[in-house]
Amino acid sequence: MGMPDAEGHGPPDGLPDLPPEWGRVVVPDDASALAEEARQVRRELLAARRQATSRRLGPAGRGAPALPVLALLVALLITLTGLAAVTWPRSSRSGGAPTVLPYPTAPIGPLPALDLVGPDDAPVPLRSLLPAMIILVDACVCAEQVGTAAATAPPGVTVVTVTENRSAGSATAPGVRPLADPAGGLRSYLHLSAHPGTAAALLVDRQGTLVRVVPDLGPVTDYRDDLVRLGG
């Protein structure tokens, strides 16, 4: 049973004494007097809880959740950018008109040393006719254009027509040398495709250098200057 102290204070009968290490406990009449002590206790409890959480996660645990989230966001951004680039409508700068691609041109370089076939089925070294304007007529006879080229060629420049038929045939204009290339070696070497209704022309100087390719033999004004230079 608790006993009253020297001043007559003590627990009521029937209640145990408080632990002596608590010292003297004074209960104020106004509970608001304990507000400051209560705030201090709450701060200490909160600080202890934070320390316990920090020790449980460790240094790696605090930063780990941010890395996967960042990687996911970067991957999502890259995916959305790629989809936008593929599906974004592209405006046509030509106003809806189809794009017209020019005929491919042959690389400028040496004329291959080919033996073609003459009208008498005899082999004719192509380089023996230089300088020359060689007109490929397997896709178009183009007799008018060939005749104009032959009339424009200066003295010493041979105008040759080449077809991929087995026979060279006859000349379509005065002064023209017809030859046949049954194997298609000339077009294959120059990577020139045949286009119906057009005749391509090759201008070759006396050293055997292909100086110009005319994909479509048209008006003589397009190639006259180059043709005249071959005879110089």
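**Exercise 1.** Which residues form a nonpolar patch on the surface, and what is their accessible area together?

*Solution.* The model is predicted. Start with the members: Leu-70, Val-74 and Ile-78 make up the patch. Now take one member, Ile-78. This residue sits in helix H2, which covers residues 66–87.

**Exercise 2.** Decide why Ile-78 counts as exposed.

*Solution.* Recall the cut-off: exposed means over 50% relative accessible area. Ile-78 has 58% relative accessibility, so it counts as exposed.

**Exercise 3.** Find the disulfide and describe its link.

*Solution.* Apply the cut-off: two cysteine sulfur atoms within 2.5 Å. The count comes to 1 disulfide. Its partners are Cys-140 and Cys-142, with 2.0 Å from S to S. Next, look about the S-S bond: the angle is 115 degrees, and the link is right-handed. Last, check the cover: Cys-140 and Cys-142 are both buried.

**Exercise 4.** List the helices and strands of the protein chain in order.

*Solution.* Count them: the chain has 5 helices and 7 strands. Then read from the N terminus: α-α-β-β-β-α-β-β-α-β-β-α.

**Exercise 5.** Describe the burial, surface and contacts of the protein chain as a whole.

*Solution.* Burial comes first. The chain has 232 residues, and 27% of them count as buried. Finish with contacts. Take those in the chain with a separation of 6 or more: residues 24 or more positions apart account for 58% of them.

Technical notes: Residues are numbered from 1 along each chain as its sequence is written. This is a predicted model: local features need pLDDT of at least 70, side-chain atom pairs count only at pLDDT 80 or more; totals for chains, interfaces and linings use all residues. Side-chain values use heavy atoms; hydrogens and water are left out. Patches are made of residues with over 30% relative accessible area and no salt bridge: like charges are joined within 9 Å, nonpolar side chains (Val, Leu, Ile, Met, Phe, Trp, Tyr) within 5 Å. Accessible areas come from the Shrake-Rupley method with a 1.4 Å probe; for residues, only the protein chains shown count as cover. A salt bridge is a side-chain nitrogen of Lys or Arg within 4 Å of a carboxyl oxygen of Asp or Glu. Helices (H or I, at least four residues) and strands (E, at least two) are DSSP runs, numbered from the N terminus. Buried means under 20% relative accessible area, exposed over 50%, partly exposed in between (1.4 Å probe, protein chains only). Contact means heavy atoms within 4.5 Å.
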